[in-house]
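This briefing concerns a single protein chain and is meant to be read alongside its sequence and coordinates.

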Amino acid sequence: ICRGLQVMNVAHGGTLLQDIDTLRPGPVRHRDAVTYDNNLHEVEFVPGTTLAKVFEGTPKATVNSVHHQGIKDLAAGFVVEARCPVDGMIEAIRRPGGSFMAAVQWHPEFHRRGEGTLDDAPLLEDFLAALDPDLMPVAGRNASAALDVADRVLAAQPAPGTILFFTDGVDPKDGDAFAAHVKASKSQVLV
């Protein structure tokens, strides 16, 4: 989401426009400090992409826009999935194949029912569908079970990264072991 799209692109060799208003002035304000998350514009989904299929029957949608940077050169191996139709700014990307890597420039968490913005529920469903069901949380699991899952993920993809767990928290008796294990893996585990 937003900066995450930009970081994903740069981390894989793409580049950014450092300030859209300065480097590509035009009729669309991608950031307005006064209206902030109520600053809206349309996006068009690129036909044939996964995102176009996720939002089937919705070729255009209204989203918020709170970014002053944007993709200049798309990283190799990624595809554009949505653009602002007025200025062509890239608004969504995905890397097909391999691990799930998709990002949007807008903030779905700021969309509110009744204001005419995109219903982002299909975006979340797309992400959840990509998860390995064996790695999904189960009620009652504690930090020890989370460590087992982290080990399986890291074994499958040994490069350091970030693993997210949604749990009821870490039991204090497991806290030190959990912290030491995460540090040793050189990964970031968010609980």
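A residue counts as buried when its relative accessible area is under 20%. The model discussed here is predicted. The protein has 6 helices and 9 strands, and 36% of its 191 residues count as buried. Among contacts between residues at least 6 apart in sequence, 63% join residues at least 24 apart.

**Strand E6 and its partners**

- In strand E6 (90-94), 5 of the 5 residues are buried, so E6 is largely enclosed by the rest of the structure.
- Strand E5 (residues 79-83) is joined to E6 by 4 bridges, and the two strands run antiparallel.
- Within this pairing, Arg-83 has Ile-90 of E6 as its bridge partner.
- The hairpin of E5 and E6 has 6 residues between the strands, and Gly-88 in this hairpin takes a positive phi near 80°.
- E6 is also joined to E7 by 3 bridges, again in an antiparallel arrangement.
- Here the bridge partner of Arg-94 is Ala-102 in E7.

- Helix H1 (residues 3-11) has the buried residues Leu-5, Gln-6, Met-8 and Asn-9.
- These residues lie on the same side of H1, because they cover an arc of only 165° around the axis.
- An α-helix has 3.6 residues a turn, so residues three or four places apart point the same way.
- Arg-3, Val-7 and Ala-11 are exposed, on the face of H1 turned away from its buried side.
- The packing partners of the buried residues of H1 are strand E1 (15-17), strand E4 (70-73), strand E6 (90-94) and strand E7 (102-104).
- Cys-2 is found in the segment before H1, and this residue has a positive phi of about 55° although it is not a glycine.
- Cys-2 is buried, with a relative accessible area of 9%.
- Gly-13 follows H1 and has a positive phi near 100°.

**Gly-70 in strand E4**

- Gly-70 is located in strand E4 and is buried, with a relative accessible area of 0%.
- Not counting residues up to four places away in sequence, Gly-70 touches Gln-6, Thr-15, Leu-16, Leu-17, Ile-20, Met-89 and Gln-105.
- One of these contacts, Gln-6, is among the buried residues of H1.
- Gly-70 and Asp-19 are 51 residues apart along the chain, and their C-alpha atoms are separated by 7.7 Å.

**The second largest pocket**

- The second largest pocket holds about 420 Å³ of space.
- It is lined by 21 residues, of which Ile-1, Ala-102, Val-104, Leu-123 and Phe-127 are the closest to its centre.
- H1, E6, E7 and helix H4 (121-129) are the elements that give two or more residues to this lining.
- H4 supplies the largest share of the lining, with 5 residues.
- By residue class, the lining of the second largest pocket divides into 15 nonpolar, 1 polar and 5 charged residues.

- Val-46 lies in the loop between strand E2 (40-45) and helix H3 (50-54).
- With a relative accessible area of 26%, Val-46 is partly exposed.
- Leaving aside neighbours within four places in sequence, Val-46 is in contact with Ala-52, Val-80, Glu-81 and Ala-82.
- The C-alpha atoms of Val-46 and Val-79 are separated by 9.5 Å, while the two residues are 33 residues apart along the chain.
- Glu-109 lies in the loop between E7 and H4 and counts as partly exposed, at 48% relative accessibility.
- Glu-109 and Asp-37 are 72 residues apart in sequence, with a C-alpha to C-alpha separation of 9.9 Å.

Conventions
Residues are numbered from 1 along each chain as its sequence is written. This is a predicted model: local features need pLDDT of at least 70, side-chain atom pairs count only at pLDDT 80 or more; totals for chains, interfaces and linings use all residues. Side-chain values use heavy atoms; hydrogens and water are left out. Buried means under 20% relative accessible area, exposed over 50%, partly exposed in between (1.4 Å probe, protein chains only). The arc is that of the directions from the helix axis to the C-beta atoms. Contact means heavy atoms within 4.5 Å. Two strands pair if DSSP finds at least two bridges between them. On a 1 Å grid over the protein atoms alone, a cavity is a set of points where a 1.4 Å probe fits but cannot get out, and a pocket is an open set with protein on both sides within 12 Å along at least five of seven lines; lining residues have an atom within 4 Å of a point. Grid points are joined across faces, edges and corners, and a volume is the space filled by probe spheres set on the points. Ala, Val, Leu, Ile, Met, Phe, Trp, Tyr, Cys and Pro count as nonpolar, Asp, Glu, Lys and Arg as charged, and the others, Gly among them, as polar.
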